[in-house]
Amino acid sequence: MKRLKKTLAIAILCVPMAHSIAQTKPDWEMQPVGIKTRWAKDVHPGQVLPEYPRPQMVRNQWENLNGLWEYAITTKEQETTPNTFEGKILVPFPIESALSGVKKPLLPTQRLWYKRTFTKPNTQNGKRVLLNFGAVDWQATVFVNGKKIGSHTGGYQNFSFDITDALKSGTNELIVSVYDPTDQGPNPRGKQTLNPQNIMYTASSGIWQTVWMETVPTAYITNIYMTPSVDSGFLRLAVNSSDNNKKYTIEAIASNGSTIKGKPGEQLLLPVSNARLWSPDDPYLYNLSVRLLSNGKIIDTIGSYFGMRKIEVRKDDQGIERLFLNNKYTYHLGVLDQGFWPEGLYTAPTDSALQFDIMAIRNMGFNTIRKHIKIEPARWYYHADKMGILVWQDMVTCGGGDIIAHEEFEKENKENIAQLHNYPSIVIWVLFNEGWARYDQQRLTEWLKHADPSRVVDGHTGENYDDHSPKNLNHKWASSDLTDIHDYPGPGIAPYIPGKARVLGEWGGVRVPTPNHQWNDANGWGYIQVPASEFSRKYAFMIKHLKVYEEEGLSGSIYTEPFDVETEENGLMTYDREVIKMPAESLRKIHAALVPHAESYAAVKGVFKAQLTDTADPIRHYNALLQEYKNGRKDSAFLYNLALMADRMDDKTNAAVVSNDYINNSISSHYNRTNIKFIEQFTKKTNDPGFKILITSPEMSDKILGQNAAENKIMSIIYSEEIDKYVKDKNSNPNWNDLEKNVVGKYGALGEEIFLRAKALFYFNRKNWESFANNYNLYFNKYPQRISTYELNEFAWKLFENIEDNKILSQALNWSKSSLTQGESPYYLDTYANLLYKLGEKDEAIKIEEKAINIANKDTKPSFLATLDKMKKEK
């Protein structure tokens, strides 16, 4: 998505089926949500996502642990299991989601705990029990019967633990502890934020994919690695086992009759002669059975599948670099799919819902999905493989600009591409998006190409939105297989560089407001807006232009987007998947100009269900209602709906007048959820009536909007109205004394808080480190309650890098120390140690750095060891 340009001040401010285990107390209900999909009603605690979660490595002996668990929220620093739990949560739905039954935000200062019991599986004859997690966001620690089993960091990767030795006969207790800082830490988090708005959406913390147990033999298959080699007629296959002893043998049998035997860990070549190639027009998959044998006896068996396909960039008959699939030029006509659900957020309510999204996109005549900075559950890619969709898979955006975030980004990328390697639908890896936290682009692009030479690598999609990109055209996509720009609404074409194919990584973003199917009527937006009656004509006109670019050399394009997401209403369908804004048959006909077989992508009749949007003229209807208002109609429901309609029609003047009328005359003291949300949405200025309500009783509003939401809204308005005009120019020189008197005099403590923050960040943005340090320290001492530990660590490190004055470094040391009060992170300890060392406390610095090393993971430990070595050598 096109990046929204904000100052640092504002950016930081806004800040096979299995039987599920029966639950004895099904005390759960979905929490209220503005809109929901048709599949929400099918969610029941006793049968939650019951399908086997790993289609490429299927075992028969397994047990689904989805369902009702107990949950508790504690402070982040609590490391022992809580004595009491607050209630039930429906796993695997994120705690922020309506389907979890909780719908609470998890803050960076908090820790989430899960608890449930299970019965020990049969472990006779040396069998082992594996506990598997599809994904937990972000750091998870697992305990069985009070014994720590292990930990995992990463919000999108699956992980497993052998829990056999911790089990006892009968009932066993499982505890999972989760820490997730969302957008306040070094973690890759995609589009998740604590303050949802615009192109950023509600967070998804905790367990968000299936949890299951499986029973395996003493020696068992741990993973498989499959790479099709179309030109040579082989499937390259490697199978790893828990014991790679030479006495074991691997045997693989494909559905075409081919077999191969070899040793665990070796690369095997499974013959697939005259292969039936996988493509969107013929998504053919071969079944595969893989066995682990000992002395000819079958020890372990898994079921899998593979597709034979080849993707590359090469020249066509006219000498133009194009995307080729199976040695044929294939245009990638795609959509930007975010993977969010109104009731489940990151987690689809059912497998049928997950499948519907891919089917709906294909039914519209698209052959490609760009999965936008999110890694989906394994079953999503399985459905993509089965239905024949080309997938451009984004890496999840790096969480920040420091070495901590970089190390985590690279660690998780390595795990991502290994986890997703076997899916034939994935044909392109996308590394960076629009310059977001971009660094070492050429090195990482080359690493990605080396790690997986079987796919095309897009090193930087939307490079034209990166303010700091190289000036030399040849350096903008260094080592990438593609040149890739974004153009809203577009379309456009990327520049030509020899050896690279050209693609349009994002375009479109046409908003068609659809009343009664919106997440938030007042805040819905799009890059451009057209009425429903004009959408088909507008879209067809844009595709004609796209065809011209295709003839000039464009190989692929990604339209924003298939479904609305929260307030972003750029979808071809609504967020609840109920309304399609243009007939699917019309879309298929339009798309046939670029994808010749698009019309054959129609879903089976009766399977795809969606109503067509109302194409009646909304302007005429709105004008009639507006006239009723001017004639004196002022009943409460009428004012409420008219204000929302005025906002949808982008009539800002009347939206303000009518909304103020509603707040003044209809809300009074009725501060329910609907009215507080209305106030939050329509309060834009300090003289709006809603502003007085928010600033008078922010605690009351926070109970509905979320912790600090009202305060952040108030301070954002104050900043926008009273401060921004004095600081936004890089050459500005504000009269801080007059500004402070004005802001604090009018707005009290919240005015002072945003004033102090704005003043400090004014100097930060100008790299005036001494003035920044002194002003931020004043802000830190007076208003620490809304400062994240991540920010404290970041700013402390900046001063370490740029300041020599011991007094200022001592201030930074206090910030760093404060960042450790909510739990010891190895990265925060490293900052603290470096500051101590620079201040001359060398012995203490070495002790702290050693502490950081002791709790660091294996991927980050080497950099800390290097720092410790320098400290000891007094470098």
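## Helix α8 and its covered face

In helix α8 (residues 584-591), the buried residues are A584, L587, R588, I590 and H591; buried here means under 20% relative accessible area, with a 1.4 Å probe and protein chains only. Looking down the axis of α8, these buried residues fall within an arc of 165 degrees, so they line one face of the helix. That arc is taken from the directions from the helix axis to the C-beta atoms. Their packing partners are β25 (332-337), α2 (351-363), α7 (532-552) and β35 (579-580).

A word on the background: this is a predicted model, in which local features need pLDDT of at least 70 and side-chain atom pairs count only at pLDDT 80 or more, while totals for chains, interfaces and linings use all residues. Residues are numbered from 1 along each chain as its sequence is written, and side-chain values use heavy atoms, leaving out hydrogens and water. Helices (H or I, at least four residues) and strands (E, at least two) are DSSP runs numbered from the N terminus.

Next, have a look at strand β27 (residues 390-394), where five of five residues are buried. L390, W392 and D394 are covered on one side, and V391 and Q393 on the other.

On one hand, β27 runs parallel to strand β26 (residues 368-371), joined by four bridges; strands pair if DSSP finds at least two bridges between them. Here I369 stands opposite V391. The chain gets from β26 to β27 through helix α3 (residues 378-387), in a right-handed β-α-β crossover. Right-handed means that, with the strands pointing away from the viewer, the path from the first strand over the helix to the second runs clockwise.

Four bridges also join β27 to strand β28 (residues 426-433), again in parallel, and D394 stands opposite V430. Helix α4 (residues 403-419) carries the chain from β27 to β28, and this β-α-β crossover is right-handed.

Which residues touch the most other members of the largest nonpolar core? Among its 96 residues, they are F535, Y539 and L546. Such a core is a set of buried Ala, Val, Leu, Ile, Met, Phe, Trp, Tyr and Cys residues joined through side-chain atoms within 4.5 Å.

Beyond its neighbours within four places in sequence, L546 is in contact (heavy atoms within 4.5 Å) with residues including Y331, L333, W507 and L594. A second, separate core of 87 residues includes L625, F780, I803 and L839.

L739 sits in helix α16 (residues 736-765) and is buried, with a relative accessible area of 5%. Not counting residues up to four places away in sequence, L739 touches E722, I723, Y726 and F755. L739 and I723 are 16 residues apart in sequence and 7.6 Å apart in space, C-alpha to C-alpha.

Note on methods: Buried means under 20% relative accessible area, exposed over 50%, partly exposed in between (1.4 Å probe, protein chains only).
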